[in-house]
Amino acid sequence: MTESLILTYALAFAFSCFGAGFLLTLARLLIGPTMPDRILAVDTMVVNAIALIVLYGIKTGLGFNFEAAMLLSMTGFVSTVAFCKYLLRGSVIE
């Protein structure tokens, strides 16, 4: 087998795994019994979305996707911290 064929199969497998993880996390977001479960689900969805963006960048060979993944990771981190701070203290900005 050639390297490009192996890469194609590996990317297809990774896309399906991270896509399934994204959908299962979406289900946890919708039916999560508590607010911390939903916050964790949003954070996990951000991680899965970053992985999908990076995999798409590997598939297409474009460097723009990696910058988009970096911006999404920074935004996801800040939003998770803000959600947790709101949950603990009732306000984000004191």
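How many helices and strands does the protein have? Here are some friendly notes.

1. The protein has 3 helices and 0 strands, and the order from the N terminus is α-α-α. Helices (H or I, at least four residues) and strands (E, at least two) are DSSP runs, numbered from the N terminus. This is a predicted model, in which local features need pLDDT of at least 70, side-chain atom pairs count only at pLDDT 80 or more, and totals for chains, interfaces and linings use all residues. Residues are numbered from 1 along each chain as its sequence is written, and side-chain values use heavy atoms, with hydrogens and water left out.

2. With 3 helices and 0 strands, the protein is more spread out than a compact globule, because its radius of gyration is 16 Å, well over the 12 Å that the globule rule gives for 94 residues. That radius is taken over C-alpha atoms, and the rule is 2.2 Å times the number of residues to the power 0.38. The C-alpha trace spans about 55 × 30 × 10 Å along its principal axes.

3. Buried residues (under 20% relative accessible area, 1.4 Å probe, protein chains only) make up 19% of the 94. Of the contacts (heavy atoms within 4.5 Å) between residues at least 6 apart in sequence, 44% join residues at least 24 apart.

4. Thr-80 is worth a look in the viewer: this residue lies in helix H3 (residues 64–89). Thr-80 counts as buried because its relative accessibility is 16%. Apart from neighbours within four places in sequence, Thr-80 is in contact with Ile-39 and Asp-43.

Methods: Buried < 20%, exposed > 50% of the residue type's maximum accessible area, 1.4 Å probe, protein only.
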